Amino acid sequence: MDAPKPPMVVMLPSPGMGHLIPMVEFAKRIPLHQNLHITFLIPNEGPPSKAQITVLQSLPKSITHTFLPPVSFSDLPPTTKTETLISLTVLRSLPSLRQTIHSLSVSHTITALLVDHFATDAFDLADQFNLPKFIFFPSTAMSVSLFLYLPQLDQEILGEYVDLTEPVKIPGCVPLHGKDLQDPFMDRKDECYKTFYRNANRFIEAEGIINNSFLELEPGPIKELQKQEPGKVKPVLYPIGPLVNRDVTQTGPNGSECLKWLDNQPVGSVVFVSFGSGGTLSSNQTIELALGLEKSEHRFLWVVRSPNDNLANASYFNAETDSDPFDFLPKGFLERTKGRGLVVSSWAPQAQVLAHGSTGGFLTHCGWNSVLESVVNGVPLIVWPLYAEQKMNAVILTEDIKVGLRPNFNENGLVERQKIASVVKCLMEGEEGKKLRDKMKDLKEAAAKTLGENGTSTNLISKLALKWSNSNNISNVSN
Ligand code: UDP
């Protein structure tokens, strides 16, 4: 009889640092007992970015990765939305993915195919090779609920979600205005909504959904998702969060400059300003933000990107732009704020910045990884959602768990400099800011507990590792 093949988990993140980083953090925490191997297969629309390489290099040698051949988008109209492109990257990678999975299954028994929420097209391959299907959901439990609830919502609501006069009530979640739903919901006729729906519709096929959230942060949706309903089969929810990058050695571009500068600032005095890996502001908004930070008279560390007047996620596929973002700052701004403010181009070691004692507040686009990085460090927020599910996250943060302040946009879609200055002051000096800080401290403690020995996150990850180490009942065969 042949020797049994060692078990392997195949992880498939769709493009975007916000998808890759938490999946990598999850992989790092899986105890690799009983011969369990893990490999990442990375679909891309171009060569790997510096940021992707830095993150993948942080993996221990026992966890491997392969960049799949880049797909081409040359046939697509330039107006194609990011979510469509993300999902299409996976769809167009299926032939190379099929080949790779086939080769891997010669030497291993694949005990799980773990895909993220925009990569469920790969479930076709899971069916072909008899692979157990799992979803890794890097955002909120509220968003998991929305994905699972969407087939019903889509039938019940006939017009556009943005025109609804009543809030949408997702089971277990804080009610939401249609305009605060994820970007793809803004136009149901667009391919983007159809892509979203196609992925959501396949959630039910998964054996389990691994979600980067935790009970104390989102009790409503998590309790609802974990409810057993007689006669109804639904994926098991594993709330394994908050998993964030805490590797202090992995600083990447501008790393030492930012951290050295922070070392010289007073404790809790700096507002970190960053719009994630892909967020971009318009030229006018970039100027307002600069002048607002200047007017606030507080210390700041700002990751600035070259503006884009049309797209809030223009840097999604690659944070590095050709033009120099410093050229778009108001005249004299850098000189006037020298010493009190540090501005870096495109990228900062965000996880380390948020863990640094000098950081006292975070102006964020509300990407979920950014939020979790703030939570584990107890840093309160100014919420400035830009794209994807960030408006939903902003609602959770300001109306449900109350750890952030949300500045208003004016009729031209701008947050004005006065507003920016006052919201920064309110967070850093005011009574309201203190309340948010206290709430964040409670969440920080709860996060440490769930991640600690015998904490919920640790126990659930061990349970999954044990399940995936057992290849007895699985044989991968392609037809
Ligand atoms: N990030 C970083 N430096 C930057 C911008 C982003 O290290 O200058 C990291 C950040 O710490 C987070 C991820 O990139 O882990 C961004 O994920 P998030 O979900 O917050 O937003 P997204 O980029 O997906 O919109």
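Me: What makes the sheet of 7 strands open, and what is its order?
Reply: This is a predicted model. The strands run β3-β2-β1-β4-β5-β6-β7, with parallel pairing. β3 (63-67) and β7 (236-239) each pair on one side only, and they are the edge strands. The average twist from one strand to the next is 25°.

Me: How do you know that β2 and β3 pair?
Reply: Pairing takes at least two bridges between the strands. β2 (residues 37-42) and β3 have 5 bridges, in the parallel sense. They therefore count as paired. Thr39 stands opposite Thr64 in β3.

Me: Why is the protein's radius of gyration said to agree with a compact globule?
Reply: For 479 residues, the globule rule gives a value near 23 Å. The protein has 22 Å, so the two agree. The C-alpha trace spans about 75 × 50 × 50 Å along its principal axes.

Me: What share of the residues is called buried, and on what count?
Reply: A buried residue has 20 or more other C-beta atoms within 10 Å of its own. By that cut-off, 49% of the 479 residues are buried.

Me: Which residues are closest to the ligand, and what makes a residue part of its surroundings?
Reply: 20 residues surround it, the closest being Gly18, Gly276, Ser277, Gly367 and Ser370. α1 (17-29), α12 (350-355) and α13 (368-377) each give two or more residues to that shell. The largest share, 4 residues, comes from α13.

Me: How is the shell around the ligand divided by class?
Reply: It has 8 nonpolar, 11 polar and 1 charged residues. Gly counts as polar here.

Definitions and conventions. Residues numbered from 1 in each chain as written. Predicted model: local features only at pLDDT ≥ 70, side-chain atom pairs only at ≥ 80, totals over all residues. Near = placed C-beta within 6 Å. Axes fitted to C-alpha atoms, helices over the stretch in contact; angles between N-to-C directions. Rg over C-alpha atoms; globule rule 2.2 N^0.38 Å. Buried ≥ 20, exposed ≤ 12 C-beta atoms within 10 Å, placed from the backbone.
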